[in-house]
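Trainee: Could you take me through one part of this model in close detail, with the cut-offs behind each term?

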Amino acid sequence: MDLKENLVSRHLVFNEKNSKNQFVNQLRHEAIEIFDKAGFPNKKEEEWKYTNLAPLLKKDYKLFPESEDVSIGYQDVKKYFVHDMDTYNIVFVNGVYSSYLSSTTHEEADICVLSSALNKMVHQPVIENFYGKIADKTESLVALNTAFSKDGAFIYVPDNVILSKPVQIMYLSTTNESEVMYHPRNLVVIGNNSQAHIIERHQTLDGKANLTNSVTEVHVGKNAELDYYKVQNDSKEASLIDNTFIAQERDSKAAFQTFSFGGKLTRNNLNFVQNGENTNSILNGITVISGDQHVDHHTKVEHKFPHCESHELYKGIYDEKSRGVFNGKVYVHPEAQKLNAFQQNNNVLLTNDASIDTKPQLEIFADDVKCSHGCTVGQLDESALFYMQQRGIPKKEAKALLLYAFAADVLEHVQIPQVKVRITKIIAEKLGVNIDFDL
């Protein structure tokens, strides 16, 4: 029995054990039918032409391992948090909420666990308005997540609230099983005139060959602001498929920064839909990988109203036999006049064996717009490297400084200083140097 058939056959038992909300039950039944018909995506599909999931699908994954016997102290995982600032924390260990490691609230906002929110009447209006309504339920991996999602983060910031501190969402995995598949589900709703900062990370602690198929649905209300950071620096055997869908209302601003440094295979599907005028969408990313790692960024911004903006800048540094993919699409509807859409993907290949497949796209059906896109693929400037060495900077450090300068303009958009420091340290570590870059 292959993995798809195995998952479909196990769904009935899973749903019976986790059946508490009739609204969610119906979504699960619909989702497993969609997945059963579509199956896993393959390289024959245009959107998956350069990312092959087949090697990952040969494993016999276990769903949701038991975690009662797992004992993790904060000191064991402190290094994975941005710990030098005060934050709300929503932490999961092996897919199960850890109250010991978490710090949640229901005071200024509802920052808690999705499974709890699904079963409380006070949250039902939010659940029924947004859960399963923002993500594209026809996509097979989204449907698979909907069918098997058990828990995740629930963040609801009411109207007119500026969240006092950032939220960290942390998924930790440490199991006795060799291969585990996780399906975390996050729902983030930012009310009108509200603001929030969120940091998300998935971390495997034992080096096992786990596969995470994550879905995050985000609604940003009128005149609201959301600043969201995804830190991806997992073990070399862990793989992540991250599906994020953002719906923005008029006068809102949403910035998503994706930092991809680790993992065997990482696929980021980031989708924006602008549902009102004067909407601003910001997409930034830095990728630094080596070995045989594979990172694929697929982005889409859908402009449906006039007087809007989108700014997208992704930079990649690829060493050894690593491979990158960038496919960015900007879709401009006929009604979306007088907008400004910018998209750029720049890449540096450090060896002849590293590669990048890049495809920036514009589909424009309006005539009064300013849209631009582009991509570059190159190597380090040898003359600049020679110039720095002539002035006493060792080659290794000179190379690292040039690569950091290459990525630095993306870091300028990071609003939380502690996050900028953390990302900078990871970049220095990946480049193999111990340099305190000028922040």
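Mentor: Buried means under 20% relative accessible area, exposed means over 50%, and partly exposed lies in between (1.4 Å probe, protein chains only). This is a predicted model, in which local features need pLDDT of at least 70 and side-chain atom pairs count only at pLDDT 80 or more, while totals for chains, interfaces and linings use all residues. Residues are numbered from 1 along each chain as its sequence is written, and side-chain values use heavy atoms, with hydrogens and water left out.

The part to look at is the loop between helix 3 (74-77) and strand 2 (88-93), where V82 is found; helices (H or I, at least four residues) and strands (E, at least two) are DSSP runs, numbered from the N terminus. V82 counts as buried because its relative accessibility is 6%. Leaving aside residues up to four places away in sequence, V82 touches Q168, I199, Q418, V419 and R422, a contact meaning heavy atoms within 4.5 Å. Of these, Q168 is 86 residues from V82 in sequence, yet their C-alpha atoms are 8.2 Å apart in space.

The loop also holds D86, which forms a salt bridge (a side-chain nitrogen of Lys or Arg within 4 Å of a carboxyl oxygen of Asp or Glu) with K165, the closest N and O atoms being 3.3 Å apart. Because K165 lies in the loop between strand 5 (153-157) and strand 6 (167-173), the pair ties together parts that are 79 residues apart in sequence. D86 is exposed, with a relative accessible area of 54%, whereas K165, at 18%, counts as buried.
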